[in-house]
Each structure stands twice: as C-alpha cells, then as structure tokens.
Amino acid sequence: MTNRDSGQRFVTPALLLLALVTVYPVLSVLYLSLHRKLLIFDISRFVGLENYLFLVRDDRFWNALGNTAYFTLFSVVLELVLGLSIAMLLHREFRFKGFVRAVVLIPWAIPTVVSAKMWEWMYNTDFGILNYLLGAEVNWLGSPLWALNAAVFMDVWKTTPFVAILLMAGLQVIPRELSQAARIDGAGSWDVFRKVTLPLLKPVILVVLIFRTLDAFRVFDSVYVLTGGGPANTTETLSIYAYKVLFQTLQFGYGSTLSVVVFLCVGMISVVYIKLLSKGTK
Amino acid sequence: MARGAIGTGVFLLLLPLLILGCAQGEKQDTGASERVRLVFKHGRIAGDPRLFHQLLRDFEQQNPGITVVDETLPSSTDEQHQFYIINLEGSSADFDVLSMDVIWIPEFARAGWLRDISHLMPLQERGKFFPGPMQAVTYRDRVYAIPWYTDAGVLFYRKDILKKHGFSPPKTWQELVATARAVIDKEPGLYGFIWQGKQYEGLICNVLEYFWSNGGEVLKNELPVINSPENIEALRFMRDLLVTYSITPPLVTTAIEEPTRHIFGNGRALFMRNWPYAWNIFEQEGSPVRGRVGVAPLPSFPGKTSASTLGGWQLGVNRYSRNPEAAEKLILFLTSPTVQKTLARTIGYKPTRTSLYRDQDLVREQPFITGLHDIFMQARPRPVSPYYMMITQVMQPEFSAALAGIKTPEEALNAAQKQIEHILGVER
C-alpha cells in the first residue's frame with residue numbers, strides 16, 4: 001500500500017459526505033426545476049423547460065434580478081471604498097487604537113436580524129431618529145425611491161467593518177520598508193498609496209470582493225427583515241423571491257427553477273473573480 | 001490511522017440506531033400519560049390572557065380527563081400560515097386544534113389536513129352563523145371548521161367634526177372625497193382618509209372592497225377576471241386618493257391596521273377604514289376620541305352596492321390528531337353561544353352567531369354591535385380557492401406597485417391576470 005493509495009482512501013469519506021450534502025441536493029433541485037410540483041396538493045408533472053420559459057417572461061424575476069444587481073454593485077463598491085479608508089486610518093499609530101478598532105467592529109458583531117430591526121425603527125417615518133435628525137418626513141422604507149437605497153445603506157453600515165478588518169490584515173503584511181523607500185525616492189502620500197500599497201493589497205482586495213459580492217448577491221435576511229421585499233417589490237431580491245415561492249407557497253418546481261438561476265449567477269461571478277485572482281497573483 | 005477510520009465507520013453505522021433509540025424513548029413518555037392532552041395553536045389573543053385561560057379551565061372542568069395546552073404562534077398571519085403548511089405537510093400530530101384565517105380553509109381542506117366535521121354542523125346549525133364565514137369553512141359541500149369570531153371592513157368617521165361642518169357620513173366614494181376635501185381645507189393638520197396600503201394581506205382586503213363596490217371580481221367560475229374595466233377604474237381611484245384628491249397621506253402606503261388606528265385614535269384623521277376592533281379601543285376611558293366616533297358601512301361607487309371584506313378566525317381539527325373526539329369537544333365549546341358572548345364582552349371578538357347581535361347584555365354594553373350585524377351579513381369572503389395563498393402573493397406586489405405609481409393600474413392588473421392564469425394552469 002503506497003502513501004498515495006492510503007491518501008485517496010482517507011479522502012473518500014470526505015468526498016462521499018460532500019457528494020451527499022452538495023452534489024445530491026444540486027441534482028435534486030435541477031430535477032425539481034423541470035416539474036410543475038405542488039407538494040401540498042400532491043400535484044407533480046414533468047413539464048420539461050416550461051418553468052424556464054415562464055421565468056424568461058416573468059416580470060417579477062427580472063425585477064428581482066435588477067434589484068439584486070443594484071444592491072450588490074452599490075453595497076460592494078461603497079463597502080470597499082469606506083472599508084479601505086477606515087483600514088488606512090486604523091493602520092496608523094495613535095492613542096486608543098485598540099479601543100477604536102473594537103468600536104468599529106460593533107456593527108459587524110450585531111446579529112443581522114437585530115440590526116435590521118434596529119434600522120427599521122431608525123427609518124420609521126414618524127418616530128425614526130433619521131427623520132428627527134434630518135428634520136425631514138421621508139418615508140424611507142415605504143417609498144420605492146428610497147427603500148432599496150435604505151437597504152444598501154444598512155448593509156454598508158453593517159459590513160464595512162468586516163471589509164476594513166480584512167484589509168487591515170492585508171496592510172499589516174506589507175513591509176513598511178517599501179513605503180519608506182518610496183518616500184525617500186520622493187513619492188508623496190498619494191503616490192505611495194497608488195503605486196505601492198494598492199498593488200500589494202490587490203490579492204486581499206480580490207478576496208474581499210469575492211466574499212462580499214457573493215454574499216450581497218444572495219442577500220436575504222437583512223432585506224427580508226427590513227422591508228419583506230416591499231414596497232411594490234422594489235426591494236425583492238432573487239433570494240427573497242425564491243424563498244417566497246419555495247416556502248410560503250411550497251411551489252417546489254418553480255422555486256427550484258429560481259434557485260438554479262441564482263446558483264448559475266453565483267457560479268459565473270465566482271469564475272470571473274477566480275480568473276482575476278489567478279491573473280493577479282501571477 | 002486505519003483504526004481511526006474504522007472507529008468513524010462504526011460510529012456512522014450506529015448513528016441511526018442512536019437516533020431511533022431517542023425517538024422511541026420519546027414516544028413511550030407521551031404514551032404513559034392517561035389523561036387526554038389537547039394542544040391548541042392560535043395567534044395572539046387580544047386583551048388580558050388570563051380571561052382566555054379561564055375559559056380553557058372551564059372547559060377542563062366540564063370535561064374531566066381532558067387537559068388543554070394552548071400555544072401562541074407569531075402574530076404575523078403569514079408566519080402562522082407558514083408554520084401550519086410546513087408542519088401539516090409533515091403530518092405533524094403535535095397540535096390538535098388550530099385556529100385558521102378565513103382564507104386558508106379551501107387550501108387546507110384540499111390538502112387533506114383538516115378533519116371533516118360536517119357531522120357537527122347539521123344544516124339547521126349552519127343557519128345560525130353568518131353566511132360569509134359559513135361559506136368560507138365549506139369546501140366542496142363539506143364543513144372543515146367552525147367560525148369562531150368574525151370581522152369585516154368598516155368606515156370610522158368623526159361624528160363631531162362632520163357635524164361641525166354640516167356633513168353626514170358618505171354613501172359613495174365620491175361623496176367621501178368631496179367631504180374630506182372640504183373639511184381638511186378648513187382643519188389644517190387633519191388627515192382626510194386613512195386605510196391600510198402596505199404590501200401585505202390587509203392591502204388585498206382594502207383593494208377588494210373597491211373592486212366589489214364597483215361591481216368587479218377577481219375570479220369568476222374559477223377563472224381570473226382581475227383586469228376588468230371595473231377593477232382598473234377602482235384601483236385608479238385608490239391611487240387618486242393619494243395623488244389627485246390628496247385626501248390620503250403617503251404614509252398609508254406603508255401602514256397596517258395599528259398605525260392607522262393610532263392616528264385616528266389621536267384625533268388626527270377624519271375617516272378611516274379599519275376592522276371593528278378599533279371601536280372598543282376608541283371608547284375606552286382616556287381615549288381622545290371617546291364618544292366622537294361613528295361607524296358606517298363602507299361607501300360604494302355610484303349605483304353599485306357597498307362591500308366589506310370578510311375577516312375573522314375559524315377553529316378546525318388537525319386530521320393527524322390522536323384525540324379527534326376531544327378536539328371536537330373543544331371547538332364546539334369555544335364556538336358555543338356562551339363562550340362567544342364572553343369573548344365579545346371581555347375582549348371585543350365579534351360573534352359569528354347572528355342571534356348574539358340581539359343579546360340584551362351585548363346590545364346594552366356595545367350599542368354599535370347592532371349596526372355591525374348588517375355589515376357582517378353582507379361581508380364577502382376573498383376569492384374562495386385552494387390557490388388563494390398563491391394568488392394573494394401575486395396581487396400584493398401588483399396592487400402596491402399601482403398605489404406607488406410604479407405601474408399604471410392597467411399594467412399592474414394585466415400582469416396579475418397573467419400570473420394568476422399561470423398559477424391556476426397547474427390544474428390542467
């Protein structure tokens with residue numbers, strides 16, 4: 001028995017387990033997506049691609065896809081810019097550094113559902129602190145103009161600390177000598193940031209982007225608690241739509257079709273990022 | 001290393017046995033008790049919970065050998081529905097009696113989750129209840145639940161302000177607009193007309209009242225007719241309440257019952273569409289509007305008849321219950337005239353039995369109950385279909401989009417029509 005053989009045998013249970021918990025569910029969702037299936041009334045018919053054809057014509061699906069893309073783009077970009085700024089600030093030496101760092105992490109530490117409920121109150125038209133501070137009477141969660149932006153804002157508040165901490169870890173790995181050398185060569189702060197720090201930070205930034213993009217694309221809990229998808233579905237994301245079809249009305253066929261599409265989107269995003277990442281490290 | 005793998009393998013093999021062993025242990029525990037233990041699931045009961053628990057204790061006293069445990073579900077109706085469909089689809093016997101919203105019965109009956117209790121409700125008995133709730137608990141001529149308490153949309157108005165400006169309660173929607181416009185021009189800070197416009201089930205209740213009072217329908221002979229000219233006109237009128245006539249403030253598009261009740265209860269609105277429960281709160285001591293509130297049937301479009309959406313809750317027996325006879329006793333008790341009367345007097349639940357609206361105690365204590373009788377007689381159930389819960393998921397965002405001005409009423413209703421056709425297409 002060679003080492004190679006025993007190695008393969010050792011990974012077999014892990015592979016079997018993986019097959020059981022990922023491959024089987026994925027295949028079963030694919031299979032379900034080809035059916036018109038209503039569990040509660042014992043209706044189940046094979047309909048081929050009919051669900052996918054309905055999906056192409058389903059305004060609600062395109063609306064959800066648009067909302068998800070908007071949410072992902074704006075939340076990830078804002079989180080990256082803000083997170084990077086905070087990471088740069090915290091990377092300097094100053095008094096109470098440890099304390100400030102801990103404070104910054106608080107939003108990330110609060111469970112999502114709790115912070116969503118908190119924000120729901122802060123956004124409240126009549127009693128919310130936001131309108132009180134602004135002296136305004138904006139219906140943040142009720143107006144189709146604001147609701148999705150309000151959800152993005154909440155996500156930025158919550159997740160920027162996570163981005164900042166990851167980037168800070170990345171910054172700490174960059175040797176100080178490099179920026180010192182650049183300064184001696186006459187580079188200003190902006191040049192040091194653009195030509196030294198940023199390129200060296202690129203792999204970490206890409207990892208952060210992968211995490212955040214995939215999380216944002218599958219966003220469910222924060223938005224579901226904040227608005228439930230309303231008003232007029234202007235905050236309904238793909239995951240919320242799939243959840244409503246799957247678990248509020250138990251339409252397993254069409255719900256699976258939606259899940260397959262989310263799966264494909266997430267897969268494509270991952271492939272793009274992994275390509276970028278492997279290019280970046282070469 | 002190999003030994004570790006064997007150990008893991010043995011553990012995995014034994015795991016099912018371990019789990020089975022635990023499950024069996026549990027079963028023996030419940031089998032050991034001799035008393036019949038009924039579990040009653042319901043949403044939040046209004047008022048002081050002790051009043052309701054006292055009723056359950058009374059039942060236990062009248063039926064020695066039965067213990068009742070009541071378990072409260074989350075107050076959101078959608079979450080209650082989800083709890084039931086997931087547990088009943090899994091053939092759960094963890095609860096025996098369940099309280100159901102008026103819109104769930106055809107779905108639950110069709111799925112085979114409810115015990116057929118037609119034998120408890122002979123024809124003569126059925127005649128003692130309001131026709132709307134009775135229609136809602138009947139599916140394919142069999143009875144699956146007993147109406148517990150009922151509800152219907154009504155128009156609340158400020159008697160004192162209308163009188164001051166020389167108006168009477170409106171009979172048509174157009175009169176309501178004209179009255180509200182005239183009054184709020186003279187009373188700054190007062191909202192004209194508030195109702196429930198958030199994207200949720202209550203929005204459907206509101207919108208259907210406009211559809212019906214304009215002669216429209218959602219389903220006809222089990223086929224969707226939601227994009228009819230009557231419905232488009234009615235939905236456009238609702239949008240106009242917000243933008244053209246400006247008698248309804250934008251906050252209504254995120255409001256559910258309680259926020260509107262608070263605003264009206266603080267004297268900040270002239271008209272409000274709500275459920276009758278609000279009246280008891282308005283008449284409590286210390287209420288700013290005490291003695292100044294009137295209740296009327298909802299207005300209609302000219303030449304059409306007024307319509308209220310039927311609400312309320314019904315009691316049924318879980319088909320998988322291990323003690324169906326005891327469960328039947330409990331629902332008969334809770335829907336009996338005595339208990340309905342007690343619930344009406346203590347927590348304001350409106351009886352489903354018509355005779356109680358002539359009850360001397362009730363009429364003396366809550367005089368407006370006689371007016372409610374006629375409104376409940378004409379209250380209409382939402383489309384009675386096993387697919388209602390899917391249909392409402394389609395209607396809610398479309399109605400919401402029309403009110404928000406994202407879609408025209410015509411676009412919204414055409415989109416709803418298309419999606420409902422797809423849902424009902426499953427039966428082909």
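Start by selecting chain A, which has twelve helices and two strands (DSSP runs: H or I of at least four residues for helices, E of at least two for strands, numbered from the N terminus). Reading from the N terminus, its elements go α-β-β-α-α-α-α-α-α-α-α-α-α-α.

Some ground rules before zooming in. This is a predicted model, where local features need pLDDT of at least 70 and side-chain atom pairs count only at pLDDT 80 or more, while totals for chains, interfaces and linings use all residues. Residues are numbered from 1 along each chain as its sequence is written, chains are lettered from A and ligands numbered from 1 in the order in which they are written, and side-chain values use heavy atoms, with hydrogens and water left out.

**Stop 1: an aromatic pair in chain A**

There are 47 aromatic pairs over all chains, counting rings of Phe, Tyr and Trp (its six-membered ring) with centres within 6.5 Å; planes under 30 degrees apart are stacked, over 60 edge-to-face and the rest tilted. Select A:Tyr241 and A:Tyr254: the ring centres are 6.4 Å apart and the planes sit at 75 degrees, so this pair is edge-to-face. A:Tyr241 belongs to helix α11 (residues 238–248) of chain A and A:Tyr254 to helix α12 (residues 252–281) of chain A, 13 residues apart.

**Stop 2: across to chain B**

Show A:Tyr243, A:Phe247 and A:Gln248, which meet B:His81, B:Gln82 and B:Ile85; contact means heavy atoms within 4.5 Å.

**Stop 3: helix packing within chain B**

Pick helix α17 (residues 388–404) and helix α18 (residues 409–424) of chain B, which pack at about 170 degrees with axes 9 Å apart. α17(B) and α18(B) are therefore roughly antiparallel. Their contact has 14 nonpolar, one polar and one charged residues.

Next, select helix α2 (residues 49–62) and helix α13 (residues 324–334) of chain B: the angle is about 130 degrees and the axes are 11 Å apart. That pair is therefore oblique. The contact includes B:Phe52 and B:Phe59 of α2(B), and B:Leu330 and B:Phe333 of α13(B).

**Stop 4: a loop histidine**

Where is B:His165? Look in the loop between α7 (159–164) and α8 (173–186) of chain B. Leaving aside neighbours within four places in sequence, B:His165 is in contact with B:Val183, B:Lys186 and B:Glu187.

**Last stop: colour by confidence**

Chain B has a mean pLDDT of 90, with 92% of its residues at 70 or more (pLDDT is the predictor's confidence in each residue, from 0 to 100). Over residues 1–5 of chain B, pLDDT is below 50. Residues 16–32 of chain B stay under 50 too, with zero contacts beyond four places in sequence. Where pLDDT is low, predicted coordinates should not be read in detail.

Conventions: Axes fitted to C-alpha atoms, helices over the stretch in contact; angles between N-to-C directions. Parallel < 35°, antiparallel > 145°, perpendicular 65-115°, else oblique. Nonpolar A, V, L, I, M, F, W, Y, C, P; charged D, E, K, R; others polar.
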